[in-house]
Amino acid sequence: MDDVFKALSDPTRRDLLDELFREDGQTLSALEARFDMTRFGIAKHLRLLEDAGLVVSRRRGREKLHFLNPVPIRLVHDRWVSKYAEPWAAGLSDLKSRLESPMEKIFEIYIKTTPERLWEAITDSEIRSKYQFGNTIESDWTPGGSFTMNNVKAGAPLGEGENLEVDPPRRLVQTMRALWGEDVKAEGTSKVTWDIEPVGDSCRLTVTHSDLREGANEQLYGGWPMILSGLKTWLETGEKLTTPGSLMYT
């Protein structure tokens, strides 16, 4: 958390996060054009934001794009803010930005666990329900196989899709079609990629939600910071995340 607070202490770095909040997936050149600062200065600030996990960069051809990662902010909220200001939860978890079409959201988090335990937590239906709003997921976890997402409080499946890649304990790629309301059904099919990378005694988990239309309904991706925070909490402590948002469907 020290790196997060250090990164947020500088007004220029906060402005960079605001700029990525406004329009995610920007290049260094695009960000440089919006600030009265040298390219080297902007790159230095972005590097500190990446070190804190607040920004994630990805290569797209010859360009390097920078994405806002709201998960560390969610963790700060869960540890401190929620004790004093619960109404902030929705605002912190529902980060909205306008992206190139198709839209892509990237979420990154470090969890002290093994790749095998993390894979189990992602694919085991009972464990999944502990951190994903009480939802279970049913699948045979084979490439080309289907999956359904359910909740005991719902009278019908909440989501469905196909397993495109199943490579335990490293990578899971699935299509996803939300079914919990007519508004999200109209969004059609998107794609969710789980990438697990061991780092020392921990794992870096990157969730990429892609193939979203520009301006897609935030219900499709706004819950990821809370889901991943709950996953980290359960794997590291054996406890469920107990913020009101994390329990609202359990």
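Author: Let us begin with a term: two residues are in contact when heavy atoms of theirs lie within 4.5 Å. Please note also that this model is predicted.

Reader: With that term in hand, which residues is Thr-208 in contact with, leaving aside its neighbours within four places in sequence?

Author: Thr-208 belongs to strand β10. It counts as buried because its relative accessible area is 12%, and buried means under 20%. Leaving aside neighbours within four places in sequence, the residues in contact with Thr-208 are Glu-104, Lys-105, Ile-106, Lys-191, Val-192 and Thr-193.

Reader: Is Thr-175 buried or partly exposed, and which residues does it touch?

Author: Thr-175 is part of strand β8. With a relative accessible area of 18%, Thr-175 falls under the 20% limit and is therefore buried. Not counting residues up to four places away in sequence, Thr-175 touches Phe-147, Glu-160, Gly-161, Glu-162, Leu-164, Thr-189, Ser-190 and Lys-191.

Reader: How many Å apart in space are Thr-175 and Phe-147, C-alpha to C-alpha?

Author: Phe-147 is among the residues that Thr-175 touches. The two are 28 residues apart in sequence. From C-alpha to C-alpha, the distance between Thr-175 and Phe-147 in space is 9.4 Å.

Reader: Turning to the whole chain, what share of its contacts with a separation of 6 or more comes from residues 24 or more positions apart?

Author: The protein chain has eleven helices and ten strands. Of its 250 residues, 51% are buried. Among contacts with a separation of 6 or more, the share from residues 24 or more positions apart is 52%.

Reader: Let us turn to charges. How many salt bridges are there?

Author: Side chains of opposite charge can pair when their charged atoms come close. The rule requires a side-chain nitrogen of Lys or Arg within 4 Å of a carboxyl oxygen of Asp or Glu. By this rule, the number of salt bridges is 16.

Reader: Which residue meets Arg-60 in a salt bridge, and how many residues apart are the two?

Author: The side chain of Arg-60 meets that of Glu-104, with 2.4 Å from N to O. This pair links distant parts of the chain, since Arg-60 lies in strand β2 and Glu-104 in strand β4. Arg-60 is partly exposed, with 35% relative accessible area, whereas Glu-104 counts as buried because its value is 16%.

Reader: Where does the salt bridge between Asp-195 and Arg-171 lie, and how many residues separate the partners?

Author: The closest N and O atoms of Asp-195 and Arg-171 are 2.7 Å apart. Asp-195 is in strand β9 and Arg-171 is in strand β8, so that the pair links distant parts of the chain. Asp-195 is partly exposed at 24% relative accessible area, and Arg-171 is partly exposed at 29%.

Author: One member is Lys-44, which lies in helix α4, residues 39-51. Lys-44 is partly exposed, with a relative accessible area of 46%. The residues that gather in the patch are Lys-44, Arg-47, Arg-59 and Lys-64.

Reader: The backbone remains. Which residues does the cis peptide bond join?

Author: Pro-169 is placed in the loop between β7 and β8. For the cis bond, omega is about -5 degrees. The residues it joins are Pro-168 and Pro-169.

Reader: Where does Phe-133 lie, and what is its phi?

Author: Phe-133 lies in the loop between α8 and β5. Phe-133 is buried, with 13% relative accessible area. Its phi is positive, in a residue other than glycine, and is near 60 degrees.

Reader: What is the phi of Asp-211?

Author: Asp-211 lies in strand β10 and is partly exposed, with a relative accessible area of 42%. Although Asp-211 is not a glycine, its phi is positive, at about 60 degrees.

Note on methods. Residues are numbered from 1 along each chain as its sequence is written. This is a predicted model: local features need pLDDT of at least 70, side-chain atom pairs count only at pLDDT 80 or more; totals for chains, interfaces and linings use all residues. Side-chain values use heavy atoms; hydrogens and water are left out. Patches are made of residues with over 30% relative accessible area and no salt bridge: like charges are joined within 9 Å, nonpolar side chains (Val, Leu, Ile, Met, Phe, Trp, Tyr) within 5 Å. Accessible areas come from the Shrake-Rupley method with a 1.4 Å probe; for residues, only the protein chains shown count as cover. Lys and Arg count as positive and Asp and Glu as negative; His and the chain ends are not counted. The place of a charge is taken as NZ of Lys, CZ of Arg, CG of Asp or CD of Glu. Helices (H or I, at least four residues) and strands (E, at least two) are DSSP runs, numbered from the N terminus. Buried means under 20% relative accessible area, exposed over 50%, partly exposed in between (1.4 Å probe, protein chains only).
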